[in-house]
Amino acid sequence: MNKAPFLVKPLDASHDRRTFCSESPPLDHYLRERVTQDIRRRVAACFVAVTDEQRIAAYYTLASASLLLADLPISTGKKLPRYPTVPAVRMGRLAVDQAFKGQGLGSAMLADALERTARAEIAAFALMVDAKDERAATFYQHHGFIALPDLPLILFLPLATARSV
Ligand SMILES: CC(C)(COP(=O)(O)OP(=O)(O)OC[C@H]1O[C@@H](n2cnc3c(N)ncnc32)[C@H](O)[C@@H]1OP(=O)(O)O)[C@@H](O)C(=O)NCCC(=O)NCCS
């Protein structure tokens, strides 16, 4: 097992994006071709886990978002103010390079995103994720995320809950 400690930091020009190879070609393509444009336009922030050699082992993106109160489970909505939407942060993409799979890095990236979101000065009720398929949704559910009742590929984790985990 690879025990190299990874540093998680914002993506910058010193990181080599060309060799990144996850199980998902669209997620690889996004990192290679599109992410820097999204960062420049401030529609996404990207964080990477890098090895000592500055190789990208995993990445995720965050952006602000909102959840419709009506889409949340009734038990969650009942505890929130009656505004049409609640603020959230969306983790739009998460991928681990295949060379580093199954070593807890996906979980560590999720924990990093939760911590980063929870310590931000701007309030968000939850970290939400767009799962690319059912398998990915299962990964998030394994980590305590709750699927929206009518949109099962959108999941959320209230940050107050995440903080007490
Ligand atoms: C999904 C992905 C991020 C997981 O990364 P990883 O580093 O291999 O996962 P980890 O080693 O951190 O796994 C942590 C835990 O999640 C579990 N897990 C991993 N994939 C899972 C899945 N699809 N369903 C349920 N649980 C899963 C592991 O068994 C492990 O459980 P444990 O902590 O109880 O032992 C990675 O496989 C990946 O990049 N997949 C392709 C892209 C993708 O699907 N992205 C996510 C949604 S857009």
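Two strands pair if DSSP finds at least two bridges between them. Strands (E, at least two residues) and helices (H or I, at least four) are DSSP runs, numbered from the N terminus. Keep both in mind for the sheet.

First, the ground rules. This is a predicted model, where local features need pLDDT of at least 70 and side-chain atom pairs count only at pLDDT 80 or more, while totals for chains, interfaces and linings use all residues. Residues are numbered from 1 along each chain as its sequence is written, and side-chain values use heavy atoms, with hydrogens and water left out.

Let's start with strand S2, residues 45–50. S2 pairs with strand S1, residues 7–10, in the antiparallel sense. Four bridges join them. Valine 8 stands opposite alanine 49 in S2. S2 also runs antiparallel to strand S3, residues 56–68, over six bridges. There, valine 50 faces isoleucine 56 of S3. The hairpin of S2 and S3 has five residues between the strands. Within the hairpin, glutamine 54 takes a positive phi near 70°.

Why is S2 largely enclosed by the rest of the structure? Because five of its six residues are buried. Buried means under 20% relative accessible area, exposed means over 50%, and partly exposed is in between, with a 1.4 Å probe and protein chains only.

Next, helix H3, residues 105–118. Aspartate 112 sits in H3. Aspartate 112 is buried, at 17% relative accessible area. What does aspartate 112 contact, leaving aside neighbours within four places in sequence? Val8 and Tyr60. Contact here means heavy atoms within 4.5 Å. Recall valine 8: that is the residue opposite alanine 49.

Now the ligand. 21 residues surround the ligand. A residue counts as near if one of its heavy atoms lies within 4 Å. The closest are Leu94, Val96, Gly104, Gly106 and Ser107. On to the polar atoms. A polar backbone atom of glycine 106 is 2.8 Å from an oxygen atom of the ligand. For serine 107, a backbone N or O atom lies 2.8 Å from a ligand oxygen. Histidine 142 uses its side chain: an N or O atom there is 2.9 Å from an oxygen of the ligand. Taken alone, the ligand exposes 920 Å², and the protein buries 73% of that. Those areas come from the Shrake-Rupley method with a 1.4 Å probe.

Last topic: charges. Side chains of opposite charge can pair when their charged atoms come close. How many salt bridges does the structure hold? Eight. The criterion is a side-chain nitrogen of Lys or Arg within 4 Å of a carboxyl oxygen of Asp or Glu.

Take three of them. Arginine 18 and aspartate 16 meet at 3.2 Å, N to O. Arginine 18 is exposed, at 65%. Aspartate 16 is partly exposed, at 28%.

Arginine 135 and glutamate 23 meet at 3.3 Å, N to O. This pair links distant parts of the chain, 112 residues apart. Arginine 135 is in helix H4, residues 134–142, and glutamate 23 is in the loop between S1 and helix H1, residues 25–40. Arginine 135 is exposed, with a relative accessible area of 58%. Glutamate 23 counts as partly exposed, at 44%. Glu23 and Arg135 also belong to a salt-bridge network with Lys101.

Finally, arginine 90 and aspartate 130 meet at 2.9 Å, N to O. Arginine 90 lies in strand S4, residues 85–96, and aspartate 130 in strand S5, residues 126–130, so the pair ties together parts 40 residues apart in sequence. Both are partly exposed: arginine 90 at 28%, aspartate 130 at 30%.

Definitions and conventions:
Polar contact = N/O pair within 3.5 Å; in protein donor to acceptor, adjacent residues only side chain to side chain.
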